[in-house]
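Here's a short tour of a protein chain, taken one topic at a time. Keep the sequence and the picture side by side while you read.

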Amino acid sequence: MDAKTKYKAKKIKVIFFDIDDTLRVKDTGYMPESIKTVFAGLKKKGFLTGIASGRAMYGVVPEIRDLNPDYFVTINGSYVIDRKGQEVFNQPIAPELAKAYVTWAKEQGIAYGFAGKDKPVVSERSKLIDEAMIPVYGECEVAPDFHLENDVYHMWTFAENNAELRLPEELANQLRLVPWHVHSSDVVADGISKASGVGQVLDKEGLTPANAMMFGDGPNDMEIFDYVGFKIAMGNAVPELKEKADYITDTVEEDGIFNALEKLGMVEKELNFPQLDLTLVEGPVATIKTNHGDMVIKLFPDHAPLTVKNFVDLAKSGYYDGIIFHRIIKDFMIQGGDPTGTGMGGESVYGGSFQDEFSDELYNLRGALSMANAGPNTNGSQFFIVQNQNLPYSKKEIARGGWPEPIAEYYAENGGTPHLDRRHTVFGQLMDDASYAVLDAIAAVKTGYSDKPVEDVVIETIEVVD
């Protein structure tokens with residue numbers, strides 16, 4: 001996403017979403033968990049949200065309602081309500097126009113249907129109609145004369161040759177066909193669309209189209225893409241919609257909505273910090289047995305898979321047996337893993353150095369196990385354990401520097417080396433008080449030239465339990 005696109009997004013105050021194959025997969029009902037994070041994150045940052053759909057409210061599934069958007073633009077913009085259910089816009093099709101449409105449909109020998117305010121109905125029951133309607137509304141009531149006694153907000157065509165249907169001139173001046181299924185089109189009043197429904201919301205909020213963003217995937221999103229200031233097409237969108245988009249994101253299944261909004265800085269990942277509660281973490285446990293005692297460490301393969309594999313494989317092969325902690329600096333860290341004992345040697349299981357694995361969820365807190373390196377992507381066999389217990393900064397100061405608040409609080413209360421974050425891969429954390437006691441005892445040994453202990457601190461072996 002280029003800088004121009006990001007700049008354009010800075011005007012956005014409200015984000016609208018299509019439902020089918022945008023928020024959720026129509027055929028399976030699958031909706032990514034990330035969608036809940038999106039709506040909560042947008043609300044937290046002060047953005048308004050809206051659903052803009054061809055569906056009526058009775059076709060909006062519970063998991064979409066539970067997202068609690070600020071507005072529902074429904075039935076292709078002809079019926080709009082706010083989150084409290086208050087009507088913003090309500091415009092059914094003129095009764096005489098509905099009658100004229102039914103006459104034409106009968107002349108064409110095609111089935112038809114109506115979207116009422118409270119329910120959908122169809123003119124007959126057939127497999128073709130059910131294939132289109134059941135995934136959206138379930139099995140619809142048969143009521144061919146529904147329009148004679150009820151308000152109708154839009155209508156439907158149902159035909160094998162649906163793509164070939166054309167309204168006669170006298171209807172085309174007042175109605176238009178909006179395809180949404182291979183065998184069906186919405187029949188919408190001229191001047192009414194999802195775009196016009198969004199316009200009603202913008203008027204109510206005192207906003208302009210430049211302040212609105214839309215996520216969509218299908219032909220019935222074309223008008224709204226022409227209207228709003230910022231449009232994002234799903235990876236599964238039709239080609240003609242992608243051509244109009246400011247940005248094309250991933251598919252529904254690939255968390256396309258979340259990924260796009262994260263890149264724009266509108267939402268943030270819901271982070272978990274495994275170091276802060278190791279009881280919730282599954283993963284291997286390594287015990288570094290030394291001549292000063294044992295240190296038990298929980299490893300994080302989900303966050304740093306290459307690094308953990310390297311450490312575990314080296315440990316199980318006996319690579320670390322008998323190696324010393326060659327560099328120890330009190331109130332900083334203890335470093336080992338070099339078979340030469342000089343700080344200049346060591347090799348990974350990959351036959352050389354390998355890349356860094358930085359995670360937004362792992363930090364160089366006191367007790368962190370991290371990789372030593374000679375610069376970016378130069379990891380080998382050497383590692384260190386952070387020992388520092390004190391930082392001269394408050395939680396507020398650390399958080400102001402960009403660290404997440406829970407991590408900033410831990411740093412301020414327990415210590416660590418935040419200046420090493422994003423420079424050294426964190427892949428483990430000490431698990432118990434006894435391990436911290438051993439860490440502090442090793443850090444307190446007498447050292448000489450190049451911070452090397454006067455008396456060797458030896459790694460007798462490293463045992464790993466998967």
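## A bridge across the chain

Let's begin with Asp440, which is partly exposed at 22% relative accessibility; the label covers the range between buried, under 20% relative accessible area, and exposed, over 50% (1.4 Å probe, protein chains only). Its salt-bridge partner is Arg366, and their closest N and O atoms are 2.8 Å apart. To count as a salt bridge, a side-chain nitrogen of Lys or Arg has to be within 4 Å of a carboxyl oxygen of Asp or Glu.

This pair ties together distant parts of the chain, 74 residues apart: Asp440 sits in helix H14 (residues 433–443), while Arg366 belongs to the loop between strand S18 (333–336) and strand S19 (368–371). Helices (H or I, at least four residues) and strands (E, at least two) are DSSP runs, numbered from the N terminus. Arg366 is buried, at 8% relative accessibility.

## Where the model comes from

This is a predicted model, where local features need pLDDT of at least 70 and side-chain atom pairs count only at pLDDT 80 or more, while totals for chains, interfaces and linings use all residues. Residues are numbered from 1 along each chain as its sequence is written, and side-chain values use heavy atoms, leaving out hydrogens and water.

How many salt bridges does the structure hold? There are 20. One of them joins Lys309 and Asp313, with closest N and O atoms 2.7 Å apart. Both residues lie in helix H11 (residues 305–316), four residues apart, or about one turn of the helix. Lys309 is partly exposed at 43%, and Asp313 is partly exposed too, at 29%.

Another links Arg125 to Asp130, where the closest N and O atoms are 3.5 Å apart. Here Arg125 is partly exposed, at 38% relative accessibility, whereas Asp130 is buried, at 17%.

## What lines the largest cavity

Now for the lining of the largest cavity: its residues include Phe358, Tyr363, Asp421 and His424. By type, the lining divides into four nonpolar, four polar and three charged residues. Ala, Val, Leu, Ile, Met, Phe, Trp, Tyr, Cys and Pro count as nonpolar, Asp, Glu, Lys and Arg as charged, and the others, Gly among them, as polar. A cavity, on a 1 Å grid over the protein atoms alone, is a set of points where a 1.4 Å probe fits but cannot get out, and lining residues have an atom within 4 Å of a point.

Key: On a 1 Å grid over the protein atoms alone, a cavity is a set of points where a 1.4 Å probe fits but cannot get out, and a pocket is an open set with protein on both sides within 12 Å along at least five of seven lines; lining residues have an atom within 4 Å of a point.
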